[in-house]
Amino acid sequence: MGSRGRPVEAHQILIVDDDVVFREGLQMVLSEYYAAVMTSGSGSEAVALAEALAPDVVLIDPDAGGLESARRIKGQRPATRLILLSVYDRYLAAAADAGADGYLLKGGPVEELLAAIRRPAQPLE
């Protein structure tokens with residue numbers, strides 16, 4: 001159970017964002033729902049962590065070196081769900097090209113993010 005009495009799911013989540021406040025805040029929120037929530041501040045570190053730790057889901061900001069890192073993670077671990085998070089919608093086409101399974105704007109409701117994490121893998125078109 002999470003600290004608020006919620007059941008904790010077994011998924012491993014990796015958050016990749018160069019904004020430490022956002023990254024750590026999202027880690028705190030998701031830790032209420034998931035047993036293992038890891039973080040990375042850069043795309044290159046995320047690629048290494050994804051290979052070593054095999055997360056189920058990677059949440060990655062395209063501005064943190066995310067597009068190229070997303071391609072590399074998806075190439076190494078095709079079953080890993082990849083969701084891009086950004087304050088901009090301009091990366092949507094590039095996210096699809098990178099093999100992302102989802103794209104969300106930052107600042108949306110937590111329920112929307114949780115639904116995207118739980119949704120079966122399906123590449124963006």
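**View 1. Gly99 is a buried glycine, with a relative accessible area of 18%.** Buried here means under 20% relative accessible area with a 1.4 Å probe, protein chains only. This is a predicted model, where local features need pLDDT of at least 70, side-chain atom pairs count only at pLDDT 80 or more, and totals for chains, interfaces and linings use all residues. Residues are numbered from 1 along each chain as its sequence is written, and side-chain values use heavy atoms, with hydrogens and water left out. You'll find Gly99 in the loop between H4 and strand S5 (102-105); helices (H or I, at least four residues) and strands (E, at least two) are DSSP runs, numbered from the N terminus. Leaving aside residues up to four places away in sequence, Gly99 touches Lys74 and Leu82 (contact: heavy atoms within 4.5 Å).

**View 2. Helix H3 (residues 66-76) and its buried residues.** Those are Gly66, Leu67, Ser69, Ala70, Ile73 and Lys74. They sit on the same side of H3 because they cover an arc of only 160° around the axis, taken from the directions from the helix axis to the C-beta atoms. Their cover includes helix H2 (43-53), strand S3 (57-60), strand S4 (81-86) and helix H4 (92-97).

**View 3. The largest nonpolar core has 18 residues.** Such a core is a set of buried Ala, Val, Leu, Ile, Met, Phe, Trp, Tyr and Cys residues joined through side-chain atoms within 4.5 Å. Among the residues touching the most other members are Leu14, Ile73 and Leu82. Strand S1 (9-16), H2, S3, H3 and S4 each give two or more residues to this core. A second, separate core of 16 residues includes Ile13, Val37, Ile83 and Ile117.

Key: Buried means under 20% relative accessible area, exposed over 50%, partly exposed in between (1.4 Å probe, protein chains only).
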